[in-house]
Amino acid sequence: MRIRKSLSAVLLVLSGLAFSVVAAAQGAAASEAPAAGQGTEYSENGADTCLVCHTEAWPYPIFPIFKTKHANRADKRTPFAGLQCEACHGPGAKHAATASKDAINSFKATSFLSVGQRNQFCLNCHQGSARIGWVGSKHEINNVACTSCHKLHVERDPVLAKATQPEGCYKCHSKVLADFNKPSVHPVRFGIMTCSGCHSTHGSSTPAMLVKPTVNQTCYTCHAEKRGPFLWEHAPVAEDCTLCHVPHGSARAVLLTKTPPLLCQQCHTVAGHPSVAYTSSGLPGRGGGGAAFLLAGGCVNCHSQVHGSNHPSGIKLMR
Amino acid sequence: MKTATQLSLLAMLSTLSAAAAAADGAAGAGRAAPDTSRWQCKLCKFEDGLSGTVEVGGAYVSDSSSKFGEYNGLNKDGGYFIGDFSARFRGQDAGYWNLDAANLGLDARSLSAEGGRQGTYKLWLNYQELPHFISDSVQTPFIGSGGASLTLPAGFPASTTTLMPLPSTLRQVDLETKRKELGVGAAWTPARAWDYGVNFRHQIREGTLGTAGAFFVTASQLVRPVDYVTDQIDASASFTDTRFQAKLAYYGSNFTNNDPSLTWQNPFTAPGFPGADAGQLALPPDNQFHQVTANLGYQLAERTRATADFAVGRGTQNQQFLTPTLNGTLAVPALPRTSLDGRVDTVNANLALNSAVTDRLRLKAAYIYNDRDNQTPQSTYSWVTTDMFVAPSQRTNLPYSFTQDKAQLRADYKAAERTTTSAGYDYDSVKRTFQEVNKANENTFWGKLASRYLDWVDLTLKYAYSDRNYSSYQPVPEITPPENPLLRKYNMADRTRNSGELRASFAATDTISIGLQFDASKDDYSNSTIGLTSAREYNFGGDITWMLSNQTSLHLFANRQEIKSEQSGSQTFSTPDWSGENKDTIHFVGVGVKHVAIKDKLEVGADYTFTRSKGAISVNTAANEPAFPDISTSRNSLKLYANYRLKDNVSLRAGYWYERYDSDDWALDGVTPDTIPNVLTFGQLAPQYRVHVIAMSVRYKF
């Protein structure tokens, strides 16, 4: 164990040293010219230059942006209170002169700019608050562009609306779409719960980018009755809800990973009824015993307080 | 871990000086501001004033089903009002307001209003209802379902369910809850760098849920009341600068349960236990939680960034204890205290350093600390076994605490123009109190390859190996009777995990894109003789998006998942003499077509989804009993819709929705309230339904 600890520590120290060295080398790296393409000159007339070609008949509709917050000139922070189209798309003189797609930041996947470079245009204004942890987040490291999820030229960004947000997430997280179609689910499929209700999409320290620092703290935002602390705690419940439940969807009732009694018998093995093998002979009409431990709620027919009990006589989670 | 933790912090800090030195030179480069004096934006079509949409109509649902309407409110047959509303106002001076209403005719309705001056302040108010229809097939002889006291009609108690007068006394009760939440909030931006916000949510949840109560060897399923009030508040102050960002926030939660207990009459006779004629369950106690968080981000150099998140919280619970028993014939020693005075302190921290070291190499190091320190006082309690007799031995409560230390390192290297290789190491250590394992460490090594070597193929391949080991596994003396000494609880047991993932997306042609994904994981609990011994899971899915023409698009989706596990038990409290297997297989298929039948006039579409799940369970003993029948469900859902634009601002919408659901569940099938002699059950049915929905509405745009 000690060796493992020391190894971990040494690895960490080495990583720190590596960071030091590379950060020092960074001055040189940072001074490299940006990828070829976009010029440095801005257009002559700002948006009026752009909109000569990009009219309302343009195949990709851009005019709805004038209905959005970005086009509110009275708010001095917005693009249209500043460099207009070029606030986000970058200097456009070269593009206006050549009509070359490679001379402007199109924000498309085919752009000559890297995802990080494209995102920087957004981060110049949106670096704070929920996006403090964006850099280094799973989405950022895996090259997710802001525009992979967000649409800027529509009146209402679909990913910010409750009913349409999940469709945006399913584009990459298709397994979750299948999960939310299972028989027991959180109500995302019904349009009354969003992915961002639980997940902090712009970065978080938890493995699944949760909105709170731990799984349980996240669950308690809707299931506050399970927070306790209870007089008689059920240890795995206090530790991590996902030890018994799956978050998105399950083939078993109430989002359980398995059903009782086998679910409970993974940990409860004391002599007597918890360690008995409850077979199909206990089903109705089969003539065997054990129906009380098997049918209806199984173990919770008696131990109904599985999330903890505050009853002085609730040690066995039966009161 | 302490030394290692300190070293890791030191390592991160050691980067600061060098990185910061590189910062200034990099950050300085900027462009001169262009001359915008001629940027009139004459062609810009800014839209001020009022705009919005109103949609009204009606829907008809052919059949009642709590499963069909589980969360959408279409649980009863009959007519429903369709009402949606959305309005926007934009003033010349950045003043604005938005008003939105959705599903006004359903139990899942919502309303929201927001207004203010963009960039300066905003105020909002939200209201939402969230129904949850759980079951419409519950039967119970108890009187008073939904209240805090359940009584029985004449004819009870009886020694077995078969001798109870159930045919004449059973009544149907719907299990359902409804949340109603009102939220109000405000945000203020006094200066560009500063944001303040406060959001308050008041939620009530009312209705009924199922529970159960036992008297030693007899039990009853019971309907319990839900009457919760949860108030939550978030308040924050944020500072955003190009180099430094910070957010300081407070989160408070106050939960109140207006029904602290459920009392029920014992429907069973209890010979030999006088006075055991009523029981009381403690319902969730009131609790509070307060947490202060700080999120910090600092740009050390142009491509090196440090972030730190801290959260310190305290949860308390001090609900007055219920009496140890309702049985007046029992002499129970006094409780050591009248309420728990429960307290849990939480600390969560995350320190991370990211650097895009060169154009090719990127490094990340992170340290994460999570602590749940249960400060609840321990006391020794005399207790009563299910209101029947005073237990011979007293018991002491075990306030569980958990401390987690995690360290993560990762490197991403751009090996070629369109190929990135990544590798990482994660260390995860969990300490527990009052449990069999004081400390377990897990080491994970992983590697990943992401490539777009060919223009039309995106490929990602990932593999991870984890090894978890505990320090020692010792029975907890306070837990009596003891667990089988060969048991290894799966959340602490030695475990090796292998997992892999393959994703590919193909832009087959300009109009066809195909996505494929496969992921699998395998857990081995090699030192677990009793308990969970192995688990495997795989998921295979694919999707096709095909633009058949400018007017028609097609989307196909299919997924298959298999989740399998094995466990062992011992009926003789020794070595394994039985095994259990669980295997869930879930299929999901979806097809969607959208077609513009008449350009700018008529759009039609269809969506079909099919989901089938199968839960296979077998418990294998020397008696060779057959496996359980599968727990199965299937759902077929077809939606057809059409939008016809009558005028520029008026459109007609029509939709038809058919859904069919079938399920089998051996825990419910054939189980009537008197099937089990010593358990009075709900006699609940596994849900089945066939529901047709027709909807028509008019949408007006202004």
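Begin by selecting chain A, whose secondary structure comes to 14 helices and two strands, where helices (H or I, at least four residues) and strands (E, at least two) are DSSP runs numbered from the N terminus. This is a predicted model, in which local features need pLDDT of at least 70 and side-chain atom pairs count only at pLDDT 80 or more, while totals for chains, interfaces and linings use all residues. Residues are numbered from 1 along each chain as its sequence is written, and chains are lettered from A and ligands numbered from 1 in the order in which they are written.

With chain A still selected, colour its 319 residues by burial: buried residues make up 48% of them, a residue being buried if 20 or more other C-beta atoms, placed from the backbone, lie within 10 Å of its own. Of the contacts in chain A between residues at least 6 apart in sequence, 51% join residues at least 24 apart, and two residues are in contact if their C-beta atoms, placed from the backbone, lie within 7 Å.

Next, select the domains of chain A one by one: domain 1 (43-126), domain 2 (131-216) and domain 3 (228-301), with bounds that come from an automatic or database domain assignment. The centres of domain 2 and domain 3 of chain A, taken over C-alpha atoms, are separated by 32 Å. Their contact takes 11 residues from domain 2 of chain A and 12 residues from domain 3 of chain A. On the domain 2 side, the elements of chain A that give two or more residues are α10 (174-179), β1 (184-185) and α11 (215-220).

Now show chain B as well, and look at the contact between the chains, which takes 115 residues from chain A and 170 residues from chain B. On the chain A side, the elements giving two or more residues include α1 (2-24), α2 (26-30) and α10 of chain A, and α1(A) gives the most, with 16 residues.

Finally, move to chain B and select strands β26 (residues 512-524) and β27 (residues 531-547), which pair in the antiparallel sense over 13 bridges; two strands pair if DSSP finds at least two bridges between them. These strands, β26(B) and β27(B), form a hairpin with six residues between them, and S513(B) stands opposite T545(B) in β27(B).

Technical notes
Buried ≥ 20, exposed ≤ 12 C-beta atoms within 10 Å, placed from the backbone.
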